[in-house]
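Here is a short report on a protein model. Look over the sequence and the fold before reading on.

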Amino acid sequence: MNQDHHGTDRLYRALAGLRAFLADARTDERGDVPGWVMITLMSALLVAGLLAIAGPALTDLFNQAISQVSTN
């Protein structure tokens with residue numbers, strides 16, 4: 001019987017912790033703006049780097065694909 005009481009207390013504490021976590025998450029709606037800006041800039045730099053390195057190969061691949069489609 002005493003173990004049931006401890007188990008119930010743990011469950012109530014866990015639910016209270018979950019409730020507090022969800023309440024904090026709900027009030028923090030702004031998000032991490034500097035993090036999103038950094039991710040956007042890093043993605044743009046990655047795309048620019050890939051285009052600089054593989055741009056001519058991608059252009060040739062595209063032209064070959066178009067010529068195969070247009071000749072068939």
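A residue counts as buried when its relative accessible area is under 20%, and as exposed when that area is over 50%. By that cut-off, helix α2 is hardly covered: two of its 39 residues are buried. The model is a predicted one. Across the 72 residues of the protein, 3% count as buried.

The protein has two helices and zero strands.

| Helix | Residues |
|---|---|
| α1 | 2–27 |
| α2 | 33–71 |

**Helix α2.** This helix holds 39 residues. A straight helix would reach 57 Å at 1.5 Å a residue, but the end C-alpha atoms of α2 are only 50 Å apart. The helix also has a kink of about 65° at Ala54.

Leu15 lies in α1. Is Leu15 buried, partly exposed or exposed? Its relative accessibility is 47%, so Leu15 counts as partly exposed. Leu15 also belongs to a nonpolar surface patch of about 650 Å². The patch is made by Leu15 together with Leu11, Tyr12, Leu18, Phe21 and Leu22.

**Whole surface.** The accessible surface of the protein comes to about 6900 Å². Carbon and sulfur atoms account for 66% of that area.

Key: Residues numbered from 1 in each chain as written. Predicted model: local features only at pLDDT ≥ 70, side-chain atom pairs only at ≥ 80, totals over all residues. Heavy atoms only, no water. Patch = residues over 30% accessible without salt bridge, like charges linked within 9 Å, V, L, I, M, F, W, Y side chains within 5 Å. Areas by Shrake-Rupley, 256 points an atom, 1.4 Å probe, with all protein chains shown as cover. Salt bridge = Lys/Arg side-chain N within 4 Å of Asp/Glu carboxyl O. Helix = DSSP H or I, 4+ residues; strand = E, 2+ residues; numbered from the N terminus. Buried < 20%, exposed > 50% of the residue type's maximum accessible area, 1.4 Å probe, protein only. Expected span 1.5 Å × (residues − 1). Bend = angle between axes of the 7 residues up to and from the residue.
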